[in-house]
Amino acid sequence: MKDKLIIGRFLPLDSIIHQLDPRAKFIFVFCFIIVIFMSHDWLSYVWLAIVLFTILRFSRIPIGFLLKGLIPIFIFLGFTFIMHLFLTKGGTRLVEWGFISIDTNGINEGALIVLRLSFIMIVSTILTLTTSPLDLTDAFDRLFKPLNYLKIPVSALSMMMSIALRFIPTLMEELDKIILSQKSRGSDISSGSLAKRIKAFVPLLIPLFISAFQRAEELAVAMEVRGYDAKSVRTSYRTLKWQLKDTLTVLAIIPIGVISLMIKHIF
């Protein structure tokens, strides 16, 4: 299970994307998601797909590895497409059977929404795969540090994000152990219909939640014993160095957004 889900994982490779300052990657991803939301037509999404493919090539992340790890997300997106297929009306009526009808607008809108969410998940996953959890935490802490003047606990939020990213692989490993334990007792969760698999998966959630709460309690006790105080002012052992390539990375979002808007309005 842990090998099938890559959200929150870090893939240590030697690539240009890995070497960028995490703050630059954070800013680029944030702006790129804004560009994705501003685009809502096929040609713009073709352009954004080319940009994503280029980023993948520079990051040296295998496309098959990325898509295979996002299969659980794509299953959810499939349900999203089905909802738009039957609920969005307009255009040419293709199928009509009783109260069920499918229009061309439903297919078009569902496909565009699925592409939008897919692009957001892909670029966010590339960010986590090319940036260690510690670097992500440092970038978040430094970028949102001015919010401390508004009494927003940025350091505490950074710590929560770091712990959450670290817990994802741990919970996947714990789920693997629970699945193997259930299989050794004769439980069959890998065959049968979809409804049967879902029904067999429900008993796994209770021990998984119990294990998660136990680990959270152990972590809280360990932090309390070591005198952790979220309100304390801390220095950082790790230093982030902003370079020219980081500036160029952030500025690259400008032509990407401009071209996307030009495609949207011209074509």
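A crossing of two helices is called right-handed if the near helix is turned clockwise from the far one by less than a right angle. With that in mind, let's look at one helix pair in this predicted model and then at its nonpolar cores.

**The α5/α6 pair**

The crossing of α5 and α6 is right-handed. Their packing angle is about 155°, and the axes lie 8 Å apart. Angles over 145 degrees count as roughly antiparallel, so α5 and α6 are roughly antiparallel to each other. On the α5 side, the contact is made by Ile73, Phe74, Leu77, Thr80, Phe81, His84 and Leu85. Helix α6 brings residues including Gly106, Ile107, Glu109, Gly110 and Met121. Sorted by class, this contact has 11 nonpolar, five polar and one charged residues.

| Helix | Residues |
|---|---|
| α5 | 71-87 |
| α6 | 104-130 |

In soluble globular proteins, nonpolar side chains tend to be buried together. Here, the largest nonpolar core holds 35 residues, and Phe32, Leu48, Leu66 and Ile126 touch the most other members. Two or more residues each come from α2, α3, α5, α6, α7, α8 and α11. Helix α6 gives the largest share, nine residues.

Which residues does Phe32 touch, not counting those up to four places away in sequence? They are Leu48, Val51, Leu52, Val123, Ile253 and Ile256.

How values were computed
Residues are numbered from 1 along each chain as its sequence is written. This is a predicted model: local features need pLDDT of at least 70, side-chain atom pairs count only at pLDDT 80 or more; totals for chains, interfaces and linings use all residues. Side-chain values use heavy atoms; hydrogens and water are left out. Axes are lines fitted to C-alpha atoms, for helices over the stretch in contact, and angles run from 0 to 180 degrees between N-to-C directions. Helices (H or I, at least four residues) and strands (E, at least two) are DSSP runs, numbered from the N terminus. Angles under 35 degrees count as roughly parallel, over 145 as roughly antiparallel, 65 to 115 as roughly perpendicular and the rest as oblique. Contact means heavy atoms within 4.5 Å. Ala, Val, Leu, Ile, Met, Phe, Trp, Tyr, Cys and Pro count as nonpolar, Asp, Glu, Lys and Arg as charged, and the others, Gly among them, as polar. A nonpolar core is a set of buried Ala, Val, Leu, Ile, Met, Phe, Trp, Tyr and Cys residues joined through side-chain atoms within 4.5 Å. Buried means under 20% relative accessible area, exposed over 50%, partly exposed in between (1.4 Å probe, protein chains only).
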